[in-house]
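Subject: Model for you to look at

Hello,

Here is the structure I promised. Please open it first, then read my notes below.

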Amino acid sequence: MEFETIPTVPTADEVLDRSLRRAAAKKKLKTNVDRANEEFVRAVASAIHDKLKSVVSSFPSFERLPPFYREVADILISLDRIKKSLGAVSWAADQARTVGSGYARSMRSGGETDRKRRQAVARIASIVHQVEDDLIFLNEARNILRKLPHVSEDEFTIVVAGFPNVGKSSFIRLVSTAEPEIAAYPFTTKGIIVGHRDIGRHERIQFIDTPGVLERPAEERNPIERQAVSAIINTADLVLFIIDTSEHCGYSIENQVRLLDEIRRLVEVPILTVVNKADIRAIEGYPTMSTLTGEGVDEVLDLLLTYRKESKKASPRGPLQSENQQ
Ligand SMILES: Nc1nc2c(ncn2[C@@H]2O[C@H](COP(=O)(O)OP(=O)(O)OP(=O)(O)O)[C@@H](O)[C@H]2O)c(=O)[nH]1
């Protein structure tokens, strides 16, 4: 994911210290004092320019991000605010270079170059300090963004929903080819689980847990939590809703059905409802499984794969198409 490669965003003082140190090293190479001062100002300005521009270019273009990330980034830190800060940092980069070249040019003819050098550095430092808060904000944004779960846009995605303790993560673990990733999801203290299953040589399906805010009734969730839930749910090509009819999870069947109804209102994709913990209590009318004994799990998986085949017929998402979209 593109966010992982964003390096730490330096503070204003770090940008300045680093650039001044670099420039000081270059200054030593010149024996003529005036030329050394001029070179110093040029070097400071260009080091600051390059560093600030590299901060800007290390952020992905948000227009090109998959909807899930765009939506989540927007809820968490506001895309407008990120764009504004990137704009400010880019402005500071250009401004530092313009001011630096101006001073350097005026030092060409010699005269008071020590004073001009100090003045130039003070002005450039003040430009960098003007974007101090933007740099801090961008670093916070970076720290949040890089921890988001890896959600692929190109894989058939099954969102596994249901109350806590119904067996969602047990199911994802059982059907995943490799150990699922447990990612932080900033809207809840609980991690969310993302697992994959290889099907065929080049294809995988993706299973995603729902964030742990579903246990509260919809009206108790704040707007941010509601958007966060819908961002995950909207990645689904299919929702697998797990019901624990033994009620050992701590939620009544009635409450679980209420959640199912809510999810029905949220999504347009098909929902497959499955009863888990069949080793304790199975009921008629639904596919049943036990993620404890493994009974029925393969059958549920087969059902999911059948849904996938059907939906692929309706809207093909082959590798060619996904490459074109990038
Ligand atoms: N008897 C029985 N217990 C099960 C079964 N599946 C899961 N459990 C138990 O139920 C508990 C919760 O299982 P999880 O898979 O963690 O449930 P979850 O829905 O992922 O829970 P959260 O991670 O809290 O959302 C664990 O103690 C499991 O051992 C089952 O089929 N039968």
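The largest nonpolar core has 93 residues. Ile82, Phe171, Phe207, Leu240 and Leu304 have the most contacts inside it. A core here is a set of buried Ala, Val, Leu, Ile, Met, Phe, Trp, Tyr and Cys residues joined through side-chain atoms within 4.5 Å. Buried means under 20% relative accessible area, exposed over 50%, partly exposed in between (1.4 Å probe, protein chains only). Helix α4 (residues 79–108) gives this core its largest share, 11 residues. At least three core residues come from each of domain 1 (2–145) and domain 2 (156–325). Those bounds come from an automatic or database domain assignment. Helices (H or I, at least four residues) and strands (E, at least two) are DSSP runs, numbered from the N terminus.

A note on the source: this is a predicted model, where local features need pLDDT of at least 70 and side-chain atom pairs count only at pLDDT 80 or more, while totals for chains, interfaces and linings use all residues. Residues are numbered from 1 along each chain as its sequence is written, and side-chain values use heavy atoms, with hydrogens and water left out.

Ile82 touches Phe59, Phe62, Ile77, Phe137, Leu138, Ala141 and Leu145, not counting residues up to four places away in sequence. Contact means heavy atoms within 4.5 Å.

Now the rings. There are five aromatic pairs, with ring centres of Phe, Tyr or Trp (its six-membered ring) within 6.5 Å; planes under 30 degrees apart count as stacked, over 60 as edge-to-face and the rest as tilted. Phe3 and Phe62 are tilted, because their centres are 6.3 Å apart and their planes at 35°. This pair links distant parts of the chain, 59 residues apart. Phe3 is buried at 0% relative accessibility, and Phe62 is buried at 4%. Phe68 and Tyr69 pair edge-to-face, at 5.1 Å and 75°. Both Phe68 and Tyr69 are buried. Phe3, Phe62, Phe68 and Tyr69 form one aromatic cluster.

Last, the strands. Six of the eight residues of β3 (residues 192–199) are buried, so β3 is largely enclosed by the rest of the structure. Strands pair if DSSP finds at least two bridges between them. β3 runs antiparallel to β2 (residues 181–183), with three bridges, and antiparallel to β4 (residues 203–209), with six. Glu181 stands opposite Val194; Ile199 has Glu203 as its bridge partner. β3 and β4 make a hairpin with three residues between them, and Gly200 in the turn has a positive phi of about 75°.

Best wishes
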